[in-house]
Every structure is written in structure tokens, then in C-alpha cells.
Amino acid sequence: MKLQFKHQGFQLDAVESIASLFQGQPKEQGQRYQLDPGRGKADETDLMMDGFGNTPIRLDEQLVREQVRTQQIAQGLEPSQKLHTDMVNGRLAYHFSIEMETGTGKTYTYIRTIMELNKRYGWLKFIVVVPSVAIREGVLKSFEMMQDHFQMEYGKKPRYFVYDSSRLGDLDTFANTSDIQVMIINSQAFNAKGKDARRIHMEQESFRWRRPIDVIASMRPILIIDEPQSVEGKATKERLKDFKPLFTLRYSATHKEKYDMVYRLDAMDAYNKKLVKKIAVKTIESSGTTGTNGYLYLQDLLPQKSGAPKAKIEFEARTQSGVTRKTKTVEEGFDLYAESGELAVYKGWTLSHFDARDNRIQIGVDKPLHKGEIIGEQNEDDLRILQIRETIKTHLKKEAVLYRKGIKVLSLFFIDEVAKYKQYDEQHNPLNGSYARVFETEYKTQVADYLKEHPEGPYSDYLREAGSASQVHAGYFSVDKVKKSTKTIFIDSKGKGEEGISEDKDAYDLIMKDKERLLSFEEPVRFLFSHSALREGWDNPNVFQICTLRHTGSETAKRQSIGRGMRLAVDQAGVRQDVDLLGADVHQINLLTVIANESFDSFSRSLQEEIRKELADRPDKVDTALFIKYTVLKNAAGASLEMTEEVAHKIMDYLIREDYLDRDGKLTEACYQAREANAFVWPEEVADFGDQLLAILDSVHDGSSYPVENGNQTSIVLGDEINQENLNKAEFLALWNKINHKTVYQVAFDDEELIEKAVKSLNHHLHVKEISYQIREESLDKIDKEGLSFTVAENSIQTQYRKPTDIETTYDLLGEVTEKTQLTRRTVAQILQAISPKKFDLFQKNPEEFIQNVSKLINQEKATQIIEHIEYHMIDEVYETDVFTENRLSAKIGDDYLLESRKGIYNYTKVDSKIEKEFQKDLERHEEVSVYTKLPSGFFISTPLGKYNPDWAVTFKEGSVKHIYFVAETKGSMSSLDLKQAEQSKIACARAHFKSLRKAGILEDDTVYDVVDSYEGLLSIVRE
């Protein structure tokens, strides 16, 4: 198995947020200098050896600040009034923060940022600082897995290594290599002083009496700090200055300090964009006693095809060997007193009123018991047993669904003591602790129960062959002095005592290094146990259950624990199960279930509170001050808008007039619907800055909470809820046999048209900034034992623009633009020759930005032409009706967007918005509608922009308005100006697809394809 990587827009935006800060910086292939030969035995070769460091930033501070503000405004972040900087060797060293929610590919993003900075500006030397072994191993694994991907993207791979004080020769290689190099270092390697000073600050005989830190600092590396909140203590902050970085980038989901943040993807953003898993919480808690010591645990409610549901309970019963606990599936009227062997505590305990929707039963006359609750005395060990049992049950249930999709399911247990998982006898032989013993017992029981109910099938076969109870679990913990471990690894989470790794490193390698093997069905381990070592920095995309067999302590610890499973899952081919692949169903598969040791309300409330604290720096209302603080907006074309009080008032008037704001400055539901439907039509004065204004609105946090599902709710499978009568109706089959034909597309480019439109676009929209550099006058301050110390004289900074003759780098203009546009050199040459001389002269002012902006504008015209000239051709393949049953969807009862359906192909319809919700209700209400369906994701039209899944198929009764009607989309706005370019393009492709079916004689006049905003809109088209 090999994980697949692809372009994800939000990651590319994060990369661009850093790369764009230095626009105007010339591309230079490293700064050559002579390496310090040291004072050991050095021959002439050593003395003459060259080093290659990062070239200095040649932009003045004002230009960098302007570009930082532009990026911040584009992200809806409050612009920095003054940048955080240090003075290093007489030059400014900048600090920037990037916030990315756990599970969204932070490591991929900063590795790609490294590659992009090298490509654009020629910077070579980078250092990644990590706080722990777990993060270090994750970073190393990421470099290993992604190197082929970046080789394809950039034509080169980053060379990388881990700093090791016993292998200082690696530093010489780091210094004298003239290509991109990355050093990964644990913060503990450099953050001690005095008697505990690390070797990195000491002169080493083996290193020719040089200090490693001096060799590193001479290269002016770019620092990347992974999880700075765990790296940067007071001492570490000071030691980081010893690296003399060119600038520092900090990446985290939970920054404690934020330095000029230029990109933010927080918890709410990640969830709303469907970039992480959804969270469900299953809880096991006591409901109190009823005045007796009777024990009863309501484990589950099982809906039946007809009649009341059944309940799965655990209770105590008298046997010949004494009182023991039994698990049994029972029906209403179950008499606990009789079934327990007449235990006196159960007198009058008859079970009734089984309610699967409310997840409760009734005991006796009026005592309710909800799913997950326990009545009777129990100790903490009882709760832990139930948690382990529920985790295994949830795992098997999820695994049964995902196995056929090629997705391996993992579960992660966080425990309070290592000894509860692994112990040792007097001879130091490993023994199972209490949790491991309980796990193996419960695993055998739950698997046996599952196979009893499902004796046949591919998953049942897999379960039989997947490994014994002792083979399916492994652990990774903090340091333990015992070294004889076979399936457990003990290592200090901060990297101390690495030599203490056990003789058998199978578990360590599996959990920390061999992510692909852990994700393979061939590897039996599916359950992982850990303590505090698996915190930030370690995750696995296929963790679907997290069980907290310990008190999580602070909310931060709780969030860190959940973060280990937030990444979207991958299948056996390494393909991410994201929104592009699954569409609206992404959270039906990507659901992280937390089996908690507290109530749902308590768990959810504390998690929400933590997230609210992290969103505290977001504005919570819209007013004129919100817009005014942005001062100046700049759009992609380079135009500027001064955000005066007058302009801010006009924007506010528009928002109020359109009912997008309430009296308290809160965004209304109408605003969210308009945002979803891209229905904003801004006033003419600010129309060219719509994207920037929407980014500002998106920065506002309305106080809503991060959605957490109650995992104890009953789940139904929509794919099993087919209405066969509706599916087999003649009206629907007639429609289906018309629209189920597959097509392929081809695009015939008109080179002359593309050249003409590209030239016109470049003449109107091409803007390029001049390259500038700063001159700094410095005065000698004093001489001390370490050498000269300089201070900057007041008013000494001068900005000068570079002349064309100052640019020494040679550019292959045609080659660069050809590569970025994938056009022929001849076509690119014709375009560039035809633009106005004034525009072409901009190349001399800033070649790098000229190439970037020219390529972007040409690609925009190219995309437009692809859509305008696309043609579809029907092939000899069709979608069968089994597409409705193969795409199995799940949703929770009580979901506001899960609607019962009388006329639908499914008995339930899962809609995606309030607009669709109203549309579905109208389809149910109006008598002329015969059959309809929300088309499953397996039905799609291929387009150059990816798969396009139409929304609805609708048929009308014969003799009503029209016999058959097919509508693709329900949108909140019908104006093409209000739809995103991607949506417009996919709709245009769909029209071309159906046009080809009409041309082939498959579709007739009684079949229509269109976009509507309501049922009334549908009728107005039908009646034409």
C-alpha cells in the first residue's frame, strides 16, 4: 500500500500564504561562503571547501509588511500593524504563524512550502524543530512517503536527516550541498544551558573543534517549528535565536502565541469544509440507584422490521456457582425477577416501553433507563470493562461496513497506567495487565457474537482470519525500565533515553514508522494502547474509535487525544476518502466515535468550551469597525480599495438591506443561505472586492458550537431503505432509461481564440510589482570580547528599486510559462508577442512575478475555453439501478436533514441544505409528482473539473404538467453571476452531456435538464 497525495486547495492556499510574502525577492541559487575549517588537523581541501547558505531577504520591511497585510486580508485575518522581527547580523528576521487544524495535513503543507520557497527564491537550508520523538518519527515518515510526490511536482526531492550529536559529519554535508536540505531536530538537543548544556553548543574534537551551532547559523537557515506551543518554553525561545534564522514559520492547531498569522484553518473551518472527521460520543455513565443494589446496564436498542425494538441488557443472575452477570437480548415484558433466578433486588422490575428513537426503556412503573446508562452499584473497573466492550463492539460494527470499501478500521485506547496494559514477572517476562486481559476476553466474546449473527460473508471470513485476540493489539508508551517487550515499546516521549528501546521493536516500528503496514489488512494489529506519548504529532487516518480509559484532565489534553483520529480515512489503495470522492456523504464514513468516561453533555460541553476559547480572537459581530480596521483591500488584479468610514457604511447598509445582519450585528440565516448559494451581489463601488469582503465575513464567529453527535443514538442505513414499488414504477424506469447512459468528453481547442482572449486579459489585468531592496545605514556601537556590535541609526532605511541590469538571474520565459500553462512554446510566444509593449516591459521589473501572473491569467482563459468547446459522446455503458443499493448511506435518526419520503426511491432522503429541504417537502406535497430521488453519489457525469453528481431526478404523473422531468441542481440563486466558476463550469458540462444524449435520440422533448431555486421555479419551466 502507498498513500496517495493530491492537490488540495486549502493546503495550496497555506503554501501561497507564505510564498507570496516575498514577492519581488530575486531567485538566487544560494549564497556561497567559505566553511569554517576548524582548528583541528585540516588540509588544504578543508580550507578551500565552500558552503552554501540562504541568500538574504532583499525586500525592505515596508514592502514585506504590505504583502503580509494583503495576505491577512485575503484570509479574513486582522492585519498586523507592526511585524514581529529580530535583528540578526544587521538584517530583520521575521516570524509568521500558520494555524492548521489537526488532521488537515500540516506536515505536507510545510514540506510543500519548503519546496515552493526553493523554487521561487532559491532558498536551500531549512530546519524543522519538533518537541518529541512521536512528532519526529511522523515528520520523517512524511518526508519518506512524500518524496516521490514532490519529485513529480518539482522535479527534485528534498534531502533530509535527523540531527545527531554523534554524527556531526552530517552537518558538513548539510552546509556544503548546493541543493535543498532539511535538518530535523528535537528541541531538547539545544535548549539547555550551563552544566546541562547540549553538545550542539560545545566545541567538539571530532568536529575539528567547531561548535555545531556556529556551522548551522552560518547558513542563515529558515526555521519551521512544528507544534510551537510544546517547543517554545522561555529557555527554548532564547536558544532558537542561536540558529540566526532568515525567518521563522510556526505551524500548529493550538498556538499559545501568534506571530503575524498569515493563514488560519481552525476547527470550525476544517469541519465546515469537510476536511476532518465528524465526532460522535458514546458514553457509559451511572444513572444513580433506585434504592436497591440491583445492577442493570442498557447496552443497545435494536429496531425491528415490525413491532417494538429489542433491548440488549446486562444484568445479574443466580447460577449454581453463584451470582454472575449475563448479557441478553430481550423483548418488552421481560421480567428481571424471574429471569435472574428470583433475585430479591429485581422484584417488580419488568421492562417495557422500548423506544429506539428516544434510546430508552422503562423499568417497572415509571423508572426510565437510557442507552449507555447503568443502574446499581459499580466501581471504576466495571466502567472500564464496559468501555472496552463498547469500543470493540463499535469497532466491529464500523469495520463490517468499511471492510467492503477497502478501509481498515483502527481503535485507540488512552490508559492511565502502563501497568494496566503490560506487567512483568520476576524474570522480567512480559504479562498482560488488567486492561489487556479484559480486552482479549471481550474481543473473543464480541467476535463470537458477531459471527453467530453473521456466519457468512467476506467480512466474517476476514474476522476469522484476522488474528487471535492476542495478535490484534499493540502498545506504545512513555519510558519503562524493563526492556523485554515483544509487542510493546517503551520510550521517553521527549526523546530522552532513546537507547532504552526494547530489543524487539516491532510495535514501535509498526505504530511510529510503518503507517502503510498498519493500514493494511495483512497486518493483524487493529487496536492500539497508549498513555501520554501519542499526543500531538502522531495520528493515523484510520483511527475511527478513541476510548479514554483515564481522566483526560485539561480540555487541551482532551482535544489532543481526539486529534489522533481526526484525519480523513484512506482505503487500501491509499486514496483519501474526502469530499471530492464522497460528496455530501463524507461524514457518513468519516465519523470518529469517542467512548468517553463521562456524560455526553459533560464531554461535549467541555470540548465546545475549549474550541470557543480558541476562536476568541475572531470577531463576534459585524460593524463598521470590522471593515475599517482592514484599511486597504487589494484584489487579485492588483487594484486597491481604501476602506474609509464611508465605504464601510455602504457595505453595512447593503448587508442590512438584504437582511444579512440582525440588530446585534450577527449574521442571519439568510446570510448563510446566500453565502452557500453564492448569492451576494455587492454594490458597484465594492463589487471588484467581493472575495475579500466575503473573507472578512467568514472571519466572524457566530458563537455556534462544533457539532458533536450523540453516538448512543440509533443508526439506520439509507441504502437498505429502498422503496421497491417506486423504483419499479413505469414512470421512473422510463426516466431512468433515458438518463442512465454514460458519456466521455473531448475538448477541441481553438488556438486563435485562446490567443486572442489571453492577450485581451493580459492587457487589461496584468499587474507586476517592481523589485526593491533596502539600504540600511549602520553605526559602530561598541567593541566587546565577542567582536563588533552594531546598532541601526535612526531614519537610516532607504528603499530603492532595482534596475533591469541589476537582475543577474537568467530566465527561460517561454519555458517557464509553457510549463505552468501546458501550452506549446509556439502558442505562448504568440500570446506574449501580441500583448502591449508596456505590459511586456513589466518582465524586466520583476521576472518571477511576471511569469506567475501571466501564467495565472492564461490558465483562466484556458479553463473557460475548455468548457466552451467541450463535447460529449455516448458510449455503450449505462448505470444500472443497483447504483441505488451499492451506495449505502447512513444517518442518525433525529437528523434535521434526514427526511421521510413517501414518493422517493429511498424511504428516507438525506438533503444537504435548507433549500433542498424545502424542495423535498414540496415534492412530497404536490400531487402531480409521481416519483423522485436524490441521486446517489455513484451516478455522475465526468468533467475536466472532476466528477459531477446531479442532485435530483423527478417524474410527473401522466396527464399532469409533463410526463417526465429531470432537474440537476437546486441553488439559492439563479444568476450565473452568483455561482462559483467551478459550479458554472460543471453545470455547463452537464448541459453538454445531456445535449449529446438528445443528439443521439435518447432524450426527447419530454425530458428537461435545468437549474432551479425552488419547486415553483421547476413548475414555471415545466409549464412553458
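A residue is called buried here when its relative accessible area is under 20%, exposed when that area is over 50%, and partly exposed in between (1.4 Å probe, protein chains only). The model is a predicted one, in which local features need pLDDT of at least 70 and side-chain atom pairs count only at pLDDT 80 or more, while totals for chains, interfaces and linings use all residues. Residues are numbered from 1 along each chain as its sequence is written, and side-chain values use heavy atoms, with hydrogens and water left out.

The protein chain contains 36 helices and 45 strands, taken as DSSP runs numbered from the N terminus (helices H or I, at least four residues; strands E, at least two). With contact meaning heavy atoms within 4.5 Å, 71% of the contacts between residues at least 6 apart in sequence join residues at least 24 apart. The accessible surface (Shrake-Rupley method, 1.4 Å probe, with only the protein chains shown counting as cover for residues) comes to about 45,300 Å², and 46% of this belongs to carbon and sulfur atoms.

Turning to charged side chains, the structure holds 46 salt bridges, each a side-chain nitrogen of Lys or Arg within 4 Å of a carboxyl oxygen of Asp or Glu. In one of them, the closest N and O atoms of K629 and E78 are 3.5 Å apart. This pair links distant parts of the chain, 551 residues apart: K629 sits in the loop between α21 (624-628) and β28 (632-634), and E78 in the loop between α3 (61-74) and β3 (85-88). K629 is partly exposed at 24% relative accessible area, whereas E78 is exposed at 51%.

A salt bridge within a helix joins K141 and E144 (3.4 Å, N to O); being 3 residues apart in α5 (residues 133-154), they are separated by about one helical turn. K141 is buried at 9%, while E144 is partly exposed at 42%. E390 and K282 also form a salt bridge (3.1 Å, N to O). Since E390 belongs to helix α12 (residues 380-402) and K282 to strand β11 (residues 278-283), the pair ties together parts 108 residues apart in sequence.
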